[in-house]
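Here's a quick briefing to keep beside you while you look over the model. Have the sequence and the 3D view open, and check each point as you go.

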Amino acid sequence: MKFKPKHTDYSLSPYTGLTRESWIEAGKYLLTNVFGHIKSKNDPVVMPRIETEVTYPHKNAKGNWRKLEEMAQMFEGLARSFFIAAPLIHIEPDMELCGYSVREYYRNQVLFACTKGHPNFVGCYEDLQELTNFSDPFRAFQQTVETCALVICLENCREEIWETYTKEEKDIVAKFLLSYAHTNTVPQNWRLFNMLDMAFLHKEGYEIDTDVMREHAQAILNFYAGDGWYRDGHSFDYYSCWAFNVYAPIWNQWYGYKQEPYIAAMFEEHSNKLMESYGDFFDRDGYTNMWGRSNVYRNAATSPFDGNLMLKNSSANPGLARRIASGSLMQFFGREDFLENGIPTMGFYGQFTPLVQGYSCTESVFWLGKAFLCLHLPAEHPFWTEKENNGSWETLGEKEVKETVLNGPALCFTNHNANGETILRTGKVVKNCGDEHGMWNYSKLSYNSKYPWESAPSKEIESMQYVLQDSTSGTVEKCNITLWHGRKDGVLYRRQFFNYELTKETMWMQALNLADFPVEYGVFRVDKLRLYRSPVTLTLGAYGFPDNGTEIIQEESSDGRAKAIILMGHDFTGQEKQLAMTIYDGWDDIDVIFSKGTNPDSKESVIVYAKTARHKQYGYEPFLLISQVITKESLEDFTDDELFPVSEIIYTDKEKKGGYGPTEIVMKNGTKKTIVFEGMEGNLQL
C-alpha cells in the first residue's frame with residue numbers, strides 16, 4: 001500500500017503539502033514494515049528476499065564465503081535502517097512499532113553486531129580476513145561502508161543510545177570501529193567511510209592515526225572535478241552527491257573545521273558550488289532521474305541538501321531543498337509498486353532486475369534512508385519552517401527551456417517547462433565492451449526524469465542508444481565510451497565509440513560524433529557517422545514507453561521529408577503519457593518494438609526506433625542522422641510544428657549529405673542552429 005500522509009499543510013508546502021510531521025509519518029511507515037518482519041527482539045534486520053539471481057548472499061556462495069556475505073547482509077540491514085530510525089528515536093525516544101521499543105532494539109542490535117561471539121556479530125576486519133584465509137591482504141569489506149552509517153546514526157540519537165552505554169559497552173563499539181577505521185578501503189568514495197569512523201572516535205576520546213586521516217582527506221579532495229561534483233572511479237553519478245557531498249560536511253563538523261581547516265574549507269566551498277545548480281537536477285515535481293549505478297537508493301539523491309545545511313556557511317535554499325526532498329520522497333513512496341512485502345523493491349519503482357547489481361542485498365535499499373537524515377534538523381530549522389519554493393521552475397516562461405552545462409563532471413541538464421521534465425545528457429563515460437548494465441546506467445544519449453531508462457528490448461535495438469550491426473560478420477556493437485567536447489553556440493558535442501578497446505587504435509573503431517540541442521518538449525539530434533567499415537545497419541531507440549494500452553499513430557510531414565510515430569497512453573500510476581519520435585535526413589524508416597520486463601515503470605513497454613543502413617565500404621553516402629524525441633505528460637496532441645519543427649536543412653556540400661562543413665538547422669519558430677564537427681578532435685575529454 002502506498003504512503004498517504006495524514007499531516008499536510010499546503011500553505012507552508014504549496015507544492016507537496018509535506019511537513020516535518022509528514023516526514024516522521026513516512027519514516028514510521030517504512031520502519032513499521034521492517035519491524036513487521038522481525039520475529040523477536042534478538043533477530044537482526046534481515047528482510048524477506050525476492051531477487052535471488054543477482055544480489056548477495058549469492059546462491060553459489062558456500063562455507064566461509066557464505067558466512068561472510070550473511071554477516072555483511074545483517075550489518076547492511078542494521079546500519080541502513082538505522083538511517084531512518086536514528087532521527088526518529090531522537091524525536092520520539094519512547095516510540096514503539098509492532099510491539100518493539102525502537103530505541104532498545106537498535107541499542108541492543110548495535111552491541112550485538114560489535115560483540116564477538118554473539119550470533120549477530122558482523123565481524124571485525126581481522127575476522128573477515130581470517131574467513132577469507134587472508135587471500136588478499138588489501139581487501140576491503142562491505143562492513144566498512146556500514147560502519148560509517150553506524151557512526152552517523154549514533155550521533156543522531158546520541159542522548160538516547162550512545163550516551164546510555166557504559167564505558168565497557170562504548171569500548172566494544174569503539175574496538176569494532178577501530179578495526180575498520182585504519183584498514184583497507186576502496187580508493188574512491190569509500191575513503192570517507194574510514195574518515196568518519198576516525199572522526200567519530202576522535203571526538204569520543206579514542207586515539208586515531210591522524211596521518212591516515214590526512215591521507216584519505218587529501219585523496220577525497222583531489223577527486224573534485226568542479227561544479228560541486230567529484231569523480232568516483234571512472235564515473236560521475238549520484239555517489240558524488242549522496243557520499244562526497246553528505247559525508248564531507250559531517251566530517252567538517254566532527255573533525256575538519258578544527259583539525260584540517262584548509263581541507264574543510266574546500267569541502268564547504270565545493271558543497272556550496274553544488275547548491276548553485278543541483279536544484280535544477282530535479283524536475284518540476286522534484287523527481288529524481290534514474291541514472292548511474294545503485295538506482296535502488298532512489299531519493300537518497302536529495303541528501304546533499306541536508307549535507308549542505310550542516311555547514312558553517314551553508315548556501316542551500318531551505319524552501320527549495322524541502323520541496324525537492326518531499327517531491328522525490330513521494331515519487332517513490334506514493335506508488336503502489338514501491339514496496340513488496342512492505343520492503344522497497346530491488347528496482348527503481350517496482351521490482352526491476354536489469355538495474356540490480358551484485359554488490360547489493362535486499363537490505364541495501366535502505367540507503368534511501370539518507371533522505372531521512374533531514375529529520376535531525378530541529379523543528380524550528382528553516383528547512384522545516386520556510387515556505388516551499390520551486391526554484392528555477394517558478395521563473396521559466398510557459399515553454400521556456402533552461403540549460404545548465406557543467407564541464408567538470410560532463411553533465412548537461414535541461415529543465416523543460418512545457419512538460420515539467422528534466423533531461424540529462426552526460427559525457428566522460430568509460431565502460432567495458434559487453435557491459436550492458438554499465439551502458440544502461442551511463443551511456444544513454446539522454447536520461448529523462450519521467451521516462452526511466454529501459455533495458456534492451458532486443459539484441460539490435462536499445463532505448464536512447466545507437467546499435468550498430470556489421471552486415472558482413474553479423475556482430476552487434478554498442479557505444480561503451482562517451483567523450484565530452486562541450487557546448488558551443490547552443491549545441492552540445494560529444495563522441496561515442498562502438499566497442500571501444502584500449503588495445504585498438506581508434507581508427508579501427510566505428511564511432512559517432514554527437515550534436516544535440518534542446519527543444520521545448522525534448523532534444524533534437526544531428527549526429528554524424530564516423531565509420532571505417534561497411535556495410536552496416538544502425539538503429540536508434542526513443543525512451544521506453546510504458547505500455548498499459550497504447551495508441552500508436554504514424555505521421556508524415558507535408559513536404560514528405562520527415563516521418564514520426566506518436567505513442568499515447570498511461571504509465572503504471574495512470575498518469576497520461578505521450579511520446580513522439582521524428583526522423584529526418586539519414587534515416588530509412590521508423591518503427592516500433594514491443595517488449596516485456598525491460599521497463600522500470602510497467603511490465604510491458606513499446607519503443608519507437610529509427611533504422612538505416614550504409615552499403616558501401618567507400619562511398620559518399622549520407623553522414624548525418626537527424627532526429628528528435630519529444631514527450632508530454634498529457635494526451636493533448638502535439639502540433640504539426642512540434643512534430644516537424646524544421647523548415648530547412650542547409651548543407652555545405654553540394655550533395656547535401658553532411659560529409660563536411662557546417663550544417664544549418666533552421667527551425668519553424670525562427671531559431672537556427674549551426675552544427676560544425678570539424679575541430680572536435682582537438683578537445684575530447686574523459
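Asp-637 sits in the loop that runs between strand 24 (624-632) and helix 15 (640-643); helices (H or I, at least four residues) and strands (E, at least two) are DSSP runs, numbered from the N terminus. This is a predicted model, where local features need pLDDT of at least 70, side-chain atom pairs count only at pLDDT 80 or more, and totals for chains, interfaces and linings use all residues. Residues are numbered from 1 along each chain as its sequence is written, and side-chain values use heavy atoms, with hydrogens and water left out.

- Asp-637 is exposed, with a relative accessible area of 54% (buried means under 20% relative accessible area, exposed over 50%, partly exposed in between, with a 1.4 Å probe and protein chains only).

**Overall build**

- The protein's secondary structure comes to 15 helices and 27 strands.
- Its radius of gyration is 26 Å, close to the 26 Å that the globule rule gives for 686 residues, so the protein is as compact as a globular protein of that length (the radius is taken over C-alpha atoms, and the rule is 2.2 Å times the number of residues to the power 0.38).
- Along the principal axes, the C-alpha atoms fill a box of roughly 85 × 60 × 45 Å.
- Of the 686 residues, 63% count as buried.

- The peptide bond from Tyr-56 to Pro-57 is cis, with omega near 0°, and Pro-57 is in the loop between helix 1 (20-35) and helix 2 (63-91).
- There's also a cis bond from Ser-534 to Pro-535, with omega near 10°; Pro-535 is in the loop between strand 16 (522-530) and strand 17 (536-541).
- Phe-134 isn't a glycine, yet has a positive phi of about 55°. You'll find Phe-134 in the loop between helix 4 (125-131) and helix 5 (142-156), exposed at a relative accessible area of 52%.
- Asp-489 has a positive phi of about 50° although it is not a glycine. Asp-489 lies in the loop between strand 13 (476-488) and strand 14 (491-498) and is exposed, at 64%.

**Salt bridges**

- Side chains of opposite charge can pair when their charged atoms come close.
- The count comes to 47 salt bridges, each being a side-chain nitrogen of Lys or Arg within 4 Å of a carboxyl oxygen of Asp or Glu.
- Lys-59 and Glu-53 pair up at 2.4 Å, N to O; Lys-59 is partly exposed at 47%, while Glu-53 counts as exposed at 54%.
- Asp-127 and Lys-116 meet at 2.8 Å, N to O, linking helix 4 to the loop between helix 3 (102-114) and helix 4, 11 residues apart. Asp-127 counts as buried at 13%, whereas Lys-116 is exposed at 61%.
- Lys-203 and Glu-155 form a salt bridge at 2.4 Å, N to O. Lys-203 lies in helix 7 (residues 191-203) and Glu-155 in helix 5, so this pair ties together parts that are 48 residues apart in sequence.
- Glu-403, Arg-425, Arg-487, Arg-494, Asp-516, Arg-525 and Asp-527 are linked in a network of salt bridges.
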